[in-house]
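I opened this notebook to record what I looked up in the structure. The entries follow the order in which I consulted it.

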Amino acid sequence: MLRCGIDLGGTKIEGIVLDEQGAVLARERVATPAGDYRATLNAISAIVAQLEHHAGECGAVGVGTPGALSRASGLLKNSNSVCLNGRPLDKDLSALLGRPLRIANDADCFVLSEAVDGAAAGAAVVFGVILGTGVGGGVVVHGRLLQGPNGIAGEWGHNPLPWPRDDERPGPACYCGKYGCIETWLSGPGLARDFAAVSGRLLSAEQIAQFAAEGDAACAAALARYEDRLARALASVINILDPEVIVLGGGLSKLKSLYQNVPAVWGRYVFSDRVDTRLVPAQHGDASGVRGAAWLWENGS
């Protein structure tokens with residue numbers, strides 16, 4: 001059976017068709033209609049039709065989206081594409097496409113992709129992290145996506161930063177209404193905010209990384225603080241979940257220093273005499289979200 005995956009993002013909608021071995025048979029990408037729910041549904045329907053035309057068939061459809069379906073109301077919640085919130089996205093898309101479909105959070109699709117045939121293929125327990133404009137996470141156990149009765153498994157970014165230092169309390173305000181969430185420290189904007197607070201300079205996360213590599217002491221110090229906070233945050237996950245592999249995605253996952261420096265630090269916080277968990281970058285990169293959406297039918301949702 002061929003599988004169709006749709007990655008519904010705030011700026012673009014991407015679709016692919018995978019064969020049984022995970023090879024891409026067709027790919028399409030269009031801009032997301034800004035703030036228009038009905039136009040977004042129609043754009044997804046058009047992509048599926050194009051994919052079917054190119055691949056000869058499409059079969060099951062999986063959709064990765066920001067936010068998640070509420071178990072209480074069946075409506076989408078917590079999406080930064082606000083026109084989707086409060087809508088029965090799965091039911092409306094299913095009716096438009098004329099077939100059942102599966103929907104999962106984009107971070108869940110990312111980790112599913114990497115666990116099935118990516119950087120964590122073959123691992124029994126995988127934790128996936130997206131470090132970008134926000135911070136998300138997902139869990140795969142024995143090849144199956146773990147979502148939980150509340151549909152929030154892996155929502156790591158909205159826990160408080162573990163073992164906070166005095167100058168980290170109460171922490172920055174988060175859009176969720178609390179203070180000191182991991183997301184406020186480890187997102188790209190969080191890194192930029194921390195750097196500005198210490199140095200008085202306004203730089204993006206990308207600029208901080210670039211200037212640190214060129215020898216800027218303040219930027220290097222900001223990255224060291226970031227690495228320590230990431231080590232603490234991941235250590236708390238290891239203490240609870242004890243995954244074999246942690247996979248990083250998102251823009252900040254491109255920082256090569258993370259994969260050496262963070263495991264060198266997290267042993268101070270993990271409740272064990274050694275840490276065998278591997279920290280790795282995503283193998284499929286930006287394509288992990290759409291590939292994971294396609295794999296929702298193979299592995300359940």
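In which loop is P170 found? I located P170 in the loop between β10 (144-146) and α4 (182-186). Helices (H or I, at least four residues) and strands (E, at least two) are DSSP runs, numbered from the N terminus.

Sources. I note that residues are numbered from 1 along each chain as its sequence is written. The model is predicted, local features need pLDDT of at least 70, side-chain atom pairs count only at pLDDT 80 or more, and totals for chains, interfaces and linings use all residues, while side-chain values use heavy atoms, with hydrogens and water left out.

Entry 1, backbone. I looked up the peptide bond between R169 and P170 and found it cis, with omega about -5°. I then listed positive phi values in residues other than glycine: N78 has phi near 65°, and W163 has phi near 45°. I recorded these entries because most residues other than glycine have a negative phi, and most peptide bonds are trans. N78 sits in the loop between β6 (76-77) and α2 (89-97), and W163 is placed in the loop between β10 and α4. For accessibility I used these classes: buried is under 20% relative accessible area, exposed is over 50%, and partly exposed is in between (1.4 Å probe, protein chains only). N78 counts as exposed because its relative accessibility is 59%; W163, at 40%, counts as partly exposed.

I checked the length of α3 (residues 106-117): its twelve residues should span 16 Å at 1.5 Å a residue, and its end C-alpha atoms are 17 Å apart, which agrees. The expected span is 1.5 Å times one less than the number of residues. Nine of the twelve residues in α3 are buried, among them F110, V111 and L112.

N105 counts as buried because its relative accessibility is 13%. Leaving aside neighbours within four places in sequence, I found N105 in contact (heavy atoms within 4.5 Å) with T65, P66 and G67.

I took a core as a set of buried Ala, Val, Leu, Ile, Met, Phe, Trp, Tyr and Cys residues joined through side-chain atoms within 4.5 Å. The largest has 40 residues, and those with the most contacts inside it include L131, W156 and L230. Elements that each supply at least two residues of this core include β8 (125-131), β9 (135-141) and α8 (258-266). The largest share, eleven residues, comes from α7. Not counting residues up to four places away in sequence, L131 touches, among others, W156, L186, Y226 and L230. I also noted a second, separate core of 25 residues, which includes V17, Y37, A43 and C58.

I counted nine helices and twelve strands in the protein chain. Its C-alpha atoms fill a box of roughly 55 × 40 × 40 Å along the principal axes. For 301 residues, a compact globule would have a radius of gyration near 19 Å, and the chain has 19 Å, which agrees. That radius is taken over C-alpha atoms, and the globule rule is 2.2 Å times the number of residues to the power 0.38. Buried residues make up 52% of the 301 residues.
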